[in-house]
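Dear colleague,

Please find below the structure that I am handing over to you.

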Amino acid sequence: MPTLRDNLASLCKSIKYAHENSILSQTLPLLTAVSKGQDSAKIRACLEAGQRIFGENRVQEAVEKWPSLKQSYPDVELRLIGPLQTNKLKEAANLFDVIETLDRAKLAVALADIMPRLHKPLRCLIQVNTGNEPQKAGIAAQEAGDFIRYCLGELRLPIDGLMCMPPAVGNPAQHFALLRELAARHGLNTLSMGMSGDYETAIRFGATHVRVGTALFGARTPL
Ligand SMILES: *Cc1c(COP(=O)(O)O)cnc(C)c1O
């Protein structure tokens with residue numbers, strides 16, 4: 001049985017390999033270890049193996065698991081990759097370092113409001129619904145330009161880049177390409193895209209952050 005340390009090492013190796021074989025001159029993509037549905041013992045093993053960037057998709061679960069982990073590892077970067085309700089915003093803003101799921105004007109306004117009162121930096125990514133799937137969060141692709149301009153210009157939000165989750169079926173490549181094109185058009189550098197099944201493709205299309213759960217930790221407890 002490979003250990004978590006083995007999984008992490010081989011994952012980092014294949015990220016490096018995909019990066020070396022990408023024709024884009026991007027920086028080495030960073031691994032966001034998606035620890036949702038994983039217990040603290042597994043997360044600790046991952047921390048002990050050297051991983052420092054983690055993603056969680058539910059504020060409540062993260063608030064239960066991470067404060068004690070962060071005490072042992074203060075240099076951890078925690079990224080919210082799931083939906084954020086405005087009533088959870090304050091809690092999320094105090095725990096997370098990056099909100100990857102800024103997906104609507106109401107949340108953007110609330111973020112801009114809370115930003116000056118935070119005691120630590122908080123960066124954001126805008127989530128784009130590249131497949132325009134009705135059940136999926138994210139700003140529709142055709143509205144993304146206006147929304148990005150609004151967040152950067154009017155609200156002066158610290159937007160690092162864009163995030164997407166392509167439709168579960170079909171080729172994700174065109175969605176990654178679309179996200180990259182959108183980011184480039186607005187001078188944004190961070191592209192969070194690619195999960196266990198498609199991170200190598202995402203890297204070929206310029207991902208700067210890949211979000212990998214299952215391929216690193218194994219199966220997780222369902223929500
Ligand atoms: C769960 C999740 C992931 C990781 O998915 P895996 O297939 O387990 O790698 C990545 N991104 C988001 C937004 C997720 O919710």
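How far is the sulfur of Cys12 from the closest cysteine sulfur, and in which residue does that sulfur lie? The closest one belongs to Cys46 and is 8.8 Å away, too far for a bond. A disulfide is a pair of cysteine sulfur atoms within 2.5 Å, and a search of the whole structure finds zero of them. Cys124 is likewise in no disulfide, the nearest cysteine sulfur being that of Cys151 at 8.1 Å. Cys12 is partly exposed, with a relative accessible area of 36%, while Cys124 is buried at 0%. Here buried means under 20% relative accessible area, exposed means over 50%, and partly exposed lies in between, with a 1.4 Å probe and protein chains only.

Before you read further, please note that this is a predicted model, in which local features need pLDDT of at least 70 and side-chain atom pairs count only at pLDDT 80 or more, whereas totals for chains, interfaces and linings use all residues. Residues are numbered from 1 along each chain as its sequence is written, and side-chain values use heavy atoms, with hydrogens and water left out.

The interior

A nonpolar core is a set of buried Ala, Val, Leu, Ile, Met, Phe, Trp, Tyr and Cys residues joined through side-chain atoms within 4.5 Å. The largest one holds 63 residues, of which Phe54, Trp66, Leu102, Ile126 and Leu162 touch the most other members. Helix α1 (residues 4–20) gives the most to this core, with five residues. Helices (H or I, at least four residues) and strands (E, at least two) are DSSP runs, numbered from the N terminus. Another core, of five residues, lies apart from the largest one and includes Val34, Val98, Leu125 and Met163.

Contact means heavy atoms within 4.5 Å. Leaving aside residues up to four places away in sequence, the contacts of Leu102 include Leu107, Cys124, Phe147 and Cys151.

Leu31 is found in strand β1 (residues 30–34) and is buried, at 7% relative accessible area. Among the residues that Leu31 touches, beyond four places in sequence, are Leu8, Cys12, Ile53 and Val212. His19, found in helix α1, is buried with a relative accessible area of 19%.

The ligand

Which residues surround the ligand? Among them are Val34, Lys36, Met163, Ser196, Arg211, Gly213 and Arg220, where a residue counts as near if one of its heavy atoms lies within 4 Å. A polar side-chain atom of Lys36 lies 2.7 Å from an oxygen atom of the ligand, and one of Ser196 lies 2.5 Å from a ligand oxygen. Gly213 places a backbone N or O atom 2.8 Å from an oxygen atom of the ligand. Taken alone the ligand exposes 380 Å², and the protein buries 91% of that; accessible areas come from the Shrake-Rupley method with a 1.4 Å probe, and for residues only the protein chains shown count as cover.

Two backbone angles

Most residues other than glycine have a negative phi. Asn132 has a positive phi, near 45°, and sits in the loop between β5 (123–129) and β6 (139–140). Arg156 also has a positive phi, of about 55°, and its place is in the loop between α6 (144–154) and β7 (159–164). Asn132 is partly exposed at 38%, whereas Arg156 is exposed at 67%.

Yours sincerely

Conventions: A polar contact is a pair of N or O atoms within 3.5 Å; within protein, one must be able to donate a hydrogen and the other to accept it, and residues adjacent in sequence count only if both atoms are side-chain atoms.
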